[in-house]
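This briefing goes through one chain by topic. Please keep the sequence and the coordinates at hand while reading.

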Amino acid sequence: MKKINFTKMVASGNDFIIIPASGCRLQAAGFRNLAKKICNRKYGVGADGLLILEKSKLADVKMRIFNADGS
């Protein structure tokens, strides 16, 4: 089991787990599975979704959003 540093943020009734992509070596399918597990409110951290922050050539950051069901 690998340790993943994350931040959980809540605003306007929604909560998200935020992970910098630099700390993960997962591809999209891995992030989908991680979202399902980590967003589970009974067995995980619990959240509405997972946000992955990546480097961007056009902005300060690129954000990938995964819903709690992995979509």
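**Sheet, helix and selected residues**

The bridge partner of Met-9 in S2 is Phe-16. The model is a predicted one.

- Four strands form an open sheet in the order S1-S2-S3-S4, and their pairing is mixed.
- At the edges are strand S1 (7-11) and strand S4 (62-67), each of which pairs on one side only.
- Direction ignored, neighbouring strands of this sheet are turned by 30° against each other on average.
- S1 and S2 run antiparallel and are joined by five bridges.
- Strand S2 (residues 14-20) and strand S3 (residues 49-54) run parallel, and five bridges join them as well.
- Phe-16 takes part on both sides of S2: this residue is the bridge partner of Met-9, and Phe-16 also stands opposite Gly-49 in S3.

**The S1 and S2 hairpin**

- Two residues lie between the strands of the hairpin of S1 and S2.
- Ser-12 is located in the loop between S1 and S2.
- The phi of Ser-12 is near 55°, which is a positive value in a residue other than glycine.
- Ser-12 has a relative accessible area of 78% and is therefore exposed, the cut-off being over 50%.

**Helix H1 on the sheet**

- Helix H1 (residues 28-38) packs on the sheet and touches S2, S3 and S4.
- The direction of helix H1 makes about 55° with that of S4.

**The aromatic pair**

- A pair of aromatic rings is described by two values, the distance of the centres and the angle of the planes.
- The count of aromatic pairs comes to one.
- Phe-31 and Phe-66 form this pair, with 5.9 Å centre to centre and 40° between the planes, and the arrangement is tilted.
- The pair links distant parts of the chain, with Phe-31 in helix H1 and Phe-66 in strand S4, 35 residues apart.
- Phe-31 has a relative accessible area of 2%, so this residue counts as buried, for which the cut-off is under 20%.
- Phe-66 is also buried, at 5% relative accessibility.

**Glu-54 in strand S3**

- Glu-54 is a residue of strand S3.
- Side chain to side chain, Glu-54 makes a polar contact with Arg-64 (3.3 Å).
- Not counting residues up to four places away in sequence, Glu-54 touches Ala-21, Val-61, Lys-62 and Arg-64.

- Where is Ser-71 placed? Ser-71 is in the segment after S4.
- The side chains of Ser-71 and Asp-69 make a polar contact (2.6 Å).
- Leaving aside neighbours within four places in sequence, Ser-71 is in contact with Ile-65 and Phe-66; Phe-66 is also a member of the aromatic pair with Phe-31.
- Between Ser-71 and Gly-49 the separation is 22 residues in sequence and 9.5 Å in space, C-alpha to C-alpha. Gly-49 is the residue in S3 that Phe-16 stands opposite.

Methods. Residues are numbered from 1 along each chain as its sequence is written. This is a predicted model: local features need pLDDT of at least 70, side-chain atom pairs count only at pLDDT 80 or more; totals for chains, interfaces and linings use all residues. Side-chain values use heavy atoms; hydrogens and water are left out. Two strands pair if DSSP finds at least two bridges between them. Axes are lines fitted to C-alpha atoms, for helices over the stretch in contact, and angles run from 0 to 180 degrees between N-to-C directions. Contact means heavy atoms within 4.5 Å. Buried means under 20% relative accessible area, exposed over 50%, partly exposed in between (1.4 Å probe, protein chains only). A polar contact is a pair of N or O atoms within 3.5 Å; within protein, one must be able to donate a hydrogen and the other to accept it, and residues adjacent in sequence count only if both atoms are side-chain atoms. Rings of Phe, Tyr and Trp (its six-membered ring) pair if their centres lie within 6.5 Å; planes under 30 degrees apart count as stacked, over 60 as edge-to-face and the rest as tilted.
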